[in-house]
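User: Hi! Could you walk me through this model?
Analyst: Happy to, here it is.

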Amino acid sequence: MTKPPTRKPLLQHGDKPVRSRPRKPRDPTQPNLPLDPMPARIEPCLALLKSKPPKGDEWVFEIKWDGYRLAVHIEASSVRILTRGGHDWTHRFPAIKQAAMWLPVGTAILDGEAVVLDEQGRPDFGLLQQSLGGRGGNKSSSDAILFAFDLLYFDGHDLTRMDLSERRHILEDLMEGAAGAIRLSEEIDADGDQLLASACEHGLEGIIAKRRDAPYRSGRLGDWVKIKCIQSDSFFIVGYETSMAASGHIGALLLAARKDGDLVYVGNVGTGFKESEAWNLRGTMDKLKTRKPPVVHKGRPKDVIWLQPTLIAEIEYRAWTEDGKLRHAAYKGLREVQDNAAVYELE
């Protein structure tokens with residue numbers, strides 16, 4: 001499905017490649033070009049959710065990876081791996097750290113997504129969570145792979161002001177021949193609608209569209225767009241219904257989204273739990289019990305246990321009902337606090 005990038009020489013006149021002028025000795029009276037200081041952290045560029053792929057030659061496409069967004073800072077004598085929220089998780093991804101040390105570069109900042117692949121080679125968020133020991137766990141994952149899709153700093157130079165196409169050219173050269181736990185997230189030369197259909201057919205989460213000529217801008221400004229096969233978003237767990245017949249005695253989780261600074265009940269989810277995961281989740285939830293319901297819930301069943309709105313769950317769903325509830329929802333796992341996951345905002 002992917003097509004490896006092709007490299008063509010820069011052309012000048014009559015299809016002749018551009019050649020640099022002969023080097024001249026540097027004038028010792030002229031100062032060296034200044035280097036850009038390496039930033040301690042760069043706020044990530046975030047993708048805006050759209051229902052359809054954008055049209056036009058100014059857009060390029062990639063697979064949407066289902067994992068944890070990471071920035072890998074390669075420095076002269078060390079490697080730092082930061083989460084989207086800026087927390088240092090270097091110790092949790094030893095294989096990615098080792099692969100970063102092998103890259104042929106002095107200093108760099110890679111932007112990418114850490115995933116764990118299932119037996120079919122598809123990213124699986126639940127497997128990634130398990131490899132890290134679940135929410136609040138402190139295990140290190142040797143199974144995680146970083147798919148690098150951008151290069152923000154390279155050998156003393158800030159690349160964020162460059163166009164995406166220029167940044168990708170340098171990234172592809174850096175990643176050529178790379179092996180191990182860091183791989184290149186390939187750009188795919190295809191029609192957006194056809195690529196989305198193929199991604200959905202193969203059980204992937206969706207695709208990302210990016211503007212070729214855009215610099216790297218932090219925030220959700222529309223330079224990057226995500227189109228999903230199946231909706232997947234983050235919601236607060238505000239309670240659970242008990243069931244003696246279910247794993248962990250969790251019949252269903254009650255979920256909430258944000259709206260104008262308040263929490264709004266958006267339905268429940270009763271599928272997607274693995275047995276061991278359910279019991280761990282139950283133990284975590286029972287530490288957060290509260291008597292006061294954090295949301296308005298009409299017709300409250302007697303077997304509902306209310307919780308402080310602290311836990312954030314990643315939920316997969318098909319659509320919304322007319323009364324604002326999730327349809328065909330399934331539990332995927334808990335988001336880490338350090339991941340800085342954004343809880344779904346209702347318009």
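**Cavity and disulfide**

Analyst: The largest cavity holds about 100 Å³ of space. A cavity here is a set of points on a 1 Å grid over the protein atoms alone where a 1.4 Å probe fits but cannot get out, and its volume is the space filled by probe spheres set on the points, which are joined across faces, edges and corners. This is a predicted model, where local features need pLDDT of at least 70, side-chain atom pairs count only at pLDDT 80 or more, and totals for chains, interfaces and linings use all residues. Residues are numbered from 1 along each chain as its sequence is written, and side-chain values use heavy atoms, without hydrogens and water.

User: Which residues are closest to the centre of the largest cavity?
Analyst: I42, P44, L70, A71 and T83, out of 13 residues that line the cavity (an atom within 4 Å of a point).

User: Nice. Which strand gives the largest share of the lining?
Analyst: That is β3, with 4 residues; strands are DSSP runs of E, at least two residues.

User: Switching topic: what does C200 pair with?
Analyst: C200 forms a disulfide with C229, S to S 2.1 Å (the cut-off is sulfur atoms within 2.5 Å). The torsion about the S-S bond is about -95°, so the disulfide is left-handed.

Notes. 1 Å grid on protein atoms, 1.4 Å probe; cavity = no way out; pocket = protein on both sides within 12 Å on 5 of 7 lines; lining within 4 Å.
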